[in-house]
Amino acid sequence: MSAPPLLLRLARSRPLALGLLAFAAGAFAADDPIRLPPDTLAQVGAIDTLLAGNYDGTAPLAGLTRYGDFGVGTFDRIDGEMVVLDGVIYQVLGTGAVMRADLAGSTPFAAVCHFQGKALPGELRAIDFAALQRTIDMAYPGENVPLALRVDGRFALVRTRSVPAQQRPYRVLAEVTRTQVEFEAKDVTGTLLGFRLPAFVKGLNSPGYHLHFLSADRSFGGHVLDFEIAAGSAQVQVLSNLFVALPVGKPGPAGDRTGEPPQAGSFQP
Ligand SMILES: [Zn+2]
C-alpha cells in the first residue's frame, strides 16, 4: 500500500539529482552565497584536474566575487589569466590584451579571498621574485602558513605570461604552458597579487608562491614569471580556511611513465 508514494518520491528526485551534476560548483552558482568566515580562501576546482586538461568552466564568473574581491585563476578553455583586484575580474588574454571579464563566462579554476592585508613594515626596494619570497618567508615563517600577498609599487621590470584559449581535445597543462606567450614591461606601476600556499594543498591548489600582475593603467598583466620592484609596499593576510567547489567527476592526472602525476608548482594556471 505504500508503493505508489515511494515511486512518486523517486520520480521527483531524479531531476534534482541531474541538476546537482550539471552544477558541480553549485555554491558559486547559487544566488544566495554561503557566508564564509573571514580569512577564507574560496576556490573553484582543483589544480590536479586542471593539469589533466579539464578546461571547461564549472562555475559562473558572476558568482566568484561574492566569495572574494582578490585572487587569481583562469577562464573557460583557459582563455587567459585571471586577476581579481578590488572586486573586479580582469582577463589577460593570450595576446597580452587586458579586459574586464565578461561576467556571463565561467571558470574551471580560480582562488579568491576577501583581502584584508596587514602592511609589511618598511619599503621594498630593488628586489626580485626570489628576494621577495625570502622577505615574506622571514616575516611569516613556517611552511604551513597560507598567505594572501599584495604588493603595490613601481616595477623596473615585470615578466608575465598568458595562454590562448584551447580547443578540444584539450592537451594537458604542461604541454599548453610550453607554448605560452611571454610579455615584458619596464618601468611600470601596478600590483602583484596572489598566494603563498603550503605543500599540503597539493592536488587542490599550487604549493608555494603563485602571483599575477596588473598594471595601474590596466593595460598589462598576467601570470608572473619574474620582476624587479623599484619601490613598493606589501600587504599580507594569513588565511586559515579553505572552501572548495570540487570538480565532481572530472578525471585527474594520468601520470607519466613513472606513474608520477605532474607537479602543480611547475605548471600554474
Ligand atoms: Zn597563474
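A nonpolar core is a set of buried Ala, Val, Leu, Ile, Met, Phe, Trp, Tyr and Cys residues joined through C-beta atoms within 7 Å. This is a predicted model, in which local features need pLDDT of at least 70 and side-chain atom pairs count only at pLDDT 80 or more, while totals for chains, interfaces and linings use all residues. Residues are numbered from 1 along each chain as its sequence is written.

Q: What makes Leu64, Val112 and Leu149 stand out in the largest nonpolar core?
A: That core has 59 residues, and these three are the ones with the most contacts inside it. Two residues are in contact if their C-beta atoms, placed from the backbone, lie within 7 Å, and with neighbours within four places in sequence left aside, leucine 64 has such contacts with Phe28, Ala59, Ile89, Thr107, Ala110 and Val112.

Q: Why is phenylalanine 155 called buried?
A: A residue is buried if 20 or more other C-beta atoms, placed from the backbone, lie within 10 Å of its own, exposed if 12 or fewer do, and partly exposed in between. Phenylalanine 155 has 22 C-beta neighbours inside 10 Å, and therefore it counts as buried. Apart from neighbours within four places in sequence, its contacts are Val188, Gly190, Phe227, Glu228, Ile229 and Ala230.

Q: Why is strand S13 described as largely enclosed by the rest of the structure?
A: Strands are DSSP runs of E with at least two residues, numbered from the N terminus, and S13 covers residues 208-215. Since 6 of its 8 residues are buried, S13 is largely enclosed by the rest of the structure.

Q: How do you know that S13 pairs with strand S12 and with strand S14?
A: Two strands pair if DSSP finds at least two bridges between them. S12 (residues 181-197) and S13 have 8 bridges in the antiparallel sense, with threonine 191 bridged to leucine 214 in S13. S13 and S14 (residues 221-238) have 3 bridges, also antiparallel, and histidine 212 has histidine 223 in S14 as its bridge partner. S13 and S14 form a hairpin with 5 residues between them, and in the turn arginine 218 has a positive phi of about 60°.

Q: What makes strands S6 and S15 the edge strands of the open sheet?
A: The sheet has 7 strands in the order S6-S5-S4-S3-S8-S1-S15, with mixed pairing. S6 (98-100) and S15 (241-245) each pair on one side only, and they are the edge strands.

Q: How do you know that S8 is paired with both S1 and S3?
A: S1 (residues 40-44) and S8 (residues 110-113) are antiparallel over 3 bridges, while 4 bridges join S3 (residues 70-74) to S8, again antiparallel. Valine 112 in S8 stands opposite alanine 42 and also opposite glycine 71, whereas alanine 110 in S8 stands opposite valine 44.

Q: Which way do Ala110, Ala111, Val112 and Cys113 point from S8, and are they buried or exposed?
A: In a regular strand the side chains alternate between the two faces of the sheet. In S8, Ala110 and Val112 point one way and Ala111 and Cys113 the other way, and all are buried.
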